[in-house]
Amino acid sequence: MSSMSEAPKPYILIVEDDEKLAALIREYLEAMGFAVAIESRGDTAPARILAESPDLVILDIMLPGLDGVNVCRQIRPKYHGAILMLTSLDEEVDEVVGLEVGADDYMAKPVRPRLLVAHINALLRRGERGRETESRTNRDSLSVGKLVLNPQSREVRVDGQPLDLTTAEFELLALLMEKAGEIVSREFIYETLRGIEYDGLDRSIDLRVARLRKKIGDTGKSPTMIKSVRGVGYLLAAGHV
């Protein structure tokens with residue numbers, strides 16, 4: 001008998017009203033070493049998510065009682081785990097809205113089990129990287145112009161005013177601030193924050209940059225804080241923010 005206790009399994013809550021699909025996902029994820037539970041209603045999901053605080057939530061958009069977008073909107077201010085949203089095939093509007101209300105990632109149905117696990121592992125690793133970032137910066141604040149980011153409290157201020165950022169937005173801004181004055185490629189951002197190889201098509205990073213610009217007031221015709229570098233990526237201007 002081993003004297004070392006096993007590490008706890010990551011806990012995943014599936015919020016999905018399609019019983020057959022939820023059961024198939026649960027069976028596959030349990031076989032891959034996760035602890036899994038299912039919630040079938042949107043209107044009861046927020047209370048359960050906040051009470052149980054799973055490591056990751058798989059959240060369908062179409063749910064009885066309350067749709068997934070509004071579930072995400074309700075829990076995001078208090079829930080600090082990852083949210084992986086399931087969208088209808090080719091419904092780009094679902095992806096955009098889901099990311100705007102704080103989802104960390106999304107997948108289109110029909111769900112491919114191996115790809116789902118790759119996304120889950122990437123999101124869980126990203127949480128670990130966030131904690132490593134705190135250690136790497138010795139918990140000191142990052143300051144670039146009028147932006148101040150505190151890795152320990154996970155707070156961001158612009159001109160002294162607090163910003164309400166999602167986890168994904170916070171990590172993107174932290175990365176850009178660490179690389180202030182440097183061009184950061186879209187591929188590097190994508191692979192660093194999501195842990196999987198950039199496919200050249202995904203627009204989630206661009207959407208997050210657009211939301212960040214709006215929140216920090218960089219909304220002019222030619223942004224001066226987070227600059228686009230055509231065909232390459234983005235640059236947080238070190239001397240003009």
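Okay, let's start with aspartate 159: this residue is exposed, at 54% relative accessible area (exposed is over 50%, buried under 20%, partly exposed in between, with a 1.4 Å probe and protein chains only). Keep in mind that this is a predicted model, where local features need pLDDT of at least 70 and side-chain atom pairs count only at pLDDT 80 or more, while totals for chains, interfaces and linings use all residues. Residues are numbered from 1 along each chain as its sequence is written, and side-chain values use heavy atoms, leaving out hydrogens and water.

So who does aspartate 159 pair with? Its side chain meets that of lysine 146 in a salt bridge, 4.0 Å from N to O; that term means a side-chain nitrogen of Lys or Arg within 4 Å of a carboxyl oxygen of Asp or Glu. Lysine 146 is partly exposed, at 31%.

Next pair: aspartate 206 and arginine 186, at 3.0 Å, N to O. Aspartate 206 sits in helix α8 and arginine 186 in helix α7, so this bridge ties together parts 20 residues apart in sequence. (Helices are DSSP runs of H or I, at least four residues; strands are E, at least two; both are numbered from the N terminus.) Arginine 186 counts as buried at 19%, whereas aspartate 206 is partly exposed at 24%.

Then there's aspartate 104 with arginine 76, 3.1 Å from N to O. These two are 28 residues apart, and each is in a loop. Buried or exposed? Both are buried.

Zooming out, the whole structure has 11 salt bridges, and Glu16, Asp60 and Lys109 are linked in a network of them. The chain has eight helices and 12 strands, and 46% of its 241 residues are buried.
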